[in-house]
Amino acid sequence: MAKNKEGGKPFEIPRPEFPKRAVITGGMPYGNKELHFGHVGGMFVFADTFARFLRDRIGKENVLFVGGTDCYGSPIAEGWRKKVADGEFEGSLTDFVQRNHDKQQKTLDDYGISPDIFAASGLGRSKEIHAEVTDWFINSLYKKGQLNKISTMQFYDEKAGCFLNGRQVIGKCPIEGCNSEKGYADECDLGHQYMPENLIDPVSTLTGEKPSMRPVTNWYFKLRDYEELLKNWIEMLKKRKDVRPVVCKTIEEFLKPPVIYIKREYEEKYLSLKDQMPEHEYFEEPKKPSFTVQFKTLSDCDEAVKVLVNNGIRYRTGKTLVPFRLTGNIEWGVPAPVMDNVEGLTVWVWPESLWAPISFTQTLLEQRGRSRDEWKDYWCSKESGVYQFIGQDNIYFYGIAEPAMWMAQQESAEKTADPAEGEMQMPTIIANHHILFLDKKASSSGAVKPPMADDLLNHYTPEQLRMHWLGLGLGQRSVSFMPKPYNPDAKPEDADPVVKDGLLLSNVYNRMVRTAFYTTQKHFNGIMPSNTPSENILAEGKKAVLDYERHMSKFAFHQCTYVLDSYIRNGSKYMAKTIKEDTPAEELSQALADLFYMIKIAAVLLHPMAPFGTEKVREYLQVGEELWSWDNIFEPLTFFVGEGHELKFLPPRTDFFTRHESQFETAEN
Ligand SMILES: [Zn+2]
């Protein structure tokens, strides 16, 4: 066996280590509609592939992949209100969310996305548990002195006679350099947060009027207290090879010294006031329409803002940490605990969606007849990894607000970015860059409408799409999704990039598996030859496995597809060379054993990416699920089934991986 030789080799790259247990989450899709392609192709496929890999790598029983629909907030309530008014929907708000949740679940099933639970923050048992977890989470922060009660001005529509929330107000984002045209009440669609009074040119979407401001009281998490700890955390992250540069860079932008940008026309006024402001540096930036002043601390910056406001100077602030609002007065939300006699509040949807995966973990454990308390084994143990797959636009929430709140939950008054055993552990954030559509940034509210995930399945098989998306390299840069049937600029002779990426499976690998089965049926009566695979075949298999494992430990999915591409294509060449019509029986037996070994290695490595086809391969190989376990990854098939093993009969013209039926009509190749 190959194992015997391992001890003798002096210079092997150490294999990556994986945790004993793991919880994997994908960003929560919002419950106002079905999934569009970006949910699946920009995020879920990656979370699912990693979850499936870990199940094979560390054992299925040690992996929890939790997801769910984000049910609350003003966009859902607004969306439902409009649909009912337009006669497009009949039923309650809960019915509306349930319908969208069910459709999301169906889409995930169709793509082979395999969360252990796909729950919903506002439906069923997971709703009840989420309400309990929310109550606990906020109360616990309050008792630990991590919250502030802050009174602010909130938009109020005088004509409609009500407070305005979130998307009920629209204006321009006040964050310098932001190009978003969609600035809502206190955040823009790119995730920047600001004080409502700083929103530029606000308009009420209910009446089209300019709203007034009225005072409200809310609970805020003291996010600013975590500036130093977040800096400590970032230093640790920068040393890790599994954390993408976009994560560190985006977080660091919020940790830089606070700055204010002031329009050049106010320069003289500023110069006359600058001695009233805390110590700061002035940066002349001749080419820009504004100049910059930089402060040492956030509180200095606040002082300066007051001076500017009192003197009517318009300004913008840079990205910086602001108190993180936890509550609001949107009716469609999780009730907030009553603390310090402040009643009638609900929890803002963003913060509760950050701990919703904990609620879903508890729901799942309860479903499996285990104690809900065991959530801590996954979220609060150094033996466990917490892997969160998100899009880069949400790094502020998952990479700043969440880790700071997790640290704030530590029992000790002295907080640390390296939590002790039993405390909530810092997550590993895997952020993808944008997946563009036909070279544009698509959003369901924007001019370029992204296709719905379901619609793509009218043109492609789920595995063609999975392989294509995994190969895009979204971890490194934004990439455009260019499916030919949707691309008005595609010429008839152009190859479809999605079909092209699928050929490795639908042509090359499929042919290898078929040849192995049909040859065995023809010459060996369906009994798999039990020769030991050749030395070079074992060595190549081992190299592919170790390369793949190393890339997977760094979430370099596209690199994993490259490893598979060259491994499978080499295998195919080897097959063409060794298995011919006139190959003598003894040689054929060895060639088939080699071929089955390559098929087995490739199947295990493909299993997380292309689950449907690889399960079919396993079915015909007549091997149990132990085939997928990395505990025996280097072993040949005879290790699992012994000698003289009979394969399942493969009828003529049977495929393991195929193209979509629509692609046969056009003879795409
Ligand atoms: Zn913005």
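Strand E9, residues 259–263, and E12, residues 315–317, run antiparallel over 3 bridges. Before I go on, please keep in mind that this is a predicted model.

Stay with E9 for a moment. Which strand does E9 pair with over 5 bridges? That is E11, again in the antiparallel sense. Here Lys263 faces Ser290 of E11.

E11 covers residues 290–295, and E10 covers residues 280–283. These two strands pair antiparallel over 4 bridges. Tyr282 has Val293 in E11 as its bridge partner. How many residues sit between E10 and E11 in their hairpin? There are 6.

Gln276 and Ala304 are 28 residues apart in sequence, and their C-alphas are 8.0 Å apart in space.

An open sheet is built from 4 strands, in the order E5-E4-E8-E13, with antiparallel pairing. Which strands stand at the edges? They are E5 (162–163) and E13 (324–325). Each has a single partner strand, so one side of each has no neighbour in the sheet. For E13, there is antiparallel pairing with E8, residues 212–221, over 2 bridges. Tyr220 is the residue opposite Arg325 in E13.

On to the helices. Start with H14, residues 497–524. H14 has 28 residues and spans 39 Å from first C-alpha to last, close to the 40 Å expected at 1.5 Å a residue. Where does H14 bend? At Leu503, by about 45°. Asp496 caps the N-terminal end, with a side-chain oxygen 2.9 Å from the backbone nitrogen of Val498. After the helix comes Asn525, with a positive phi near 60°.

Next, H2, residues 74–85. H2 has 12 residues and reaches 16 Å from first C-alpha to last, close to the 16 Å expected at 1.5 Å a residue. Just after H2, Gly87 has a positive phi of about 75°. Ser74, Pro75, Ile76 and Glu78 are buried in H2. Helix H3 (93–110) is included in what covers them.

Why do we call Glu78 buried? Because its relative accessibility is 11%, and the cut-off for buried is under 20%. What does the Glu78 side chain contact? It makes a polar contact with the side chain of Arg81, at 3.1 Å. Leaving aside neighbours within four places in sequence, Glu78 is in contact with Gln168, Thr205 and Leu206. Leu35 is another matter: Glu78 and Leu35 are 43 residues apart in sequence and 18 Å apart in space, C-alpha to C-alpha.

Ser353 has 2% relative accessibility, so it counts as buried. Its side chain reaches the backbone oxygen of Trp350 at 2.8 Å. Not counting residues up to four places away in sequence, Ser353 touches Met28 and Asp70.

Last, the nonpolar interior. In soluble globular proteins, nonpolar side chains tend to be buried together. In this model, the largest nonpolar core has 100 residues. Among those with the most contacts inside it are Ile24, Phe50, Leu54, Phe389 and Trp469. Which helix gives this core its largest share? Helix H17, residues 585–606, with 14 residues. There is also a second, separate core of 83 residues, including Cys71, Val133, Val342 and Val386.

Back to Leu54, to finish. Which residues does Leu54 touch, not counting those up to four places away in sequence? Phe18, Ala22, Ile24, Gly59, Val63 and Tyr387. Ile24 is another residue with the most contacts inside the largest core. That's my tour, and I'm happy to take questions.

Conventions
Residues are numbered from 1 along each chain as its sequence is written. This is a predicted model: local features need pLDDT of at least 70, side-chain atom pairs count only at pLDDT 80 or more; totals for chains, interfaces and linings use all residues. Side-chain values use heavy atoms; hydrogens and water are left out. A nonpolar core is a set of buried Ala, Val, Leu, Ile, Met, Phe, Trp, Tyr and Cys residues joined through side-chain atoms within 4.5 Å. Buried means under 20% relative accessible area, exposed over 50%, partly exposed in between (1.4 Å probe, protein chains only). Contact means heavy atoms within 4.5 Å. The expected span of a helix is 1.5 Å times one less than its number of residues. The bend at a residue is the angle between axes fitted to the seven residues ending there and the seven starting there. A polar contact is a pair of N or O atoms within 3.5 Å; within protein, one must be able to donate a hydrogen and the other to accept it, and residues adjacent in sequence count only if both atoms are side-chain atoms. Two strands pair if DSSP finds at least two bridges between them.
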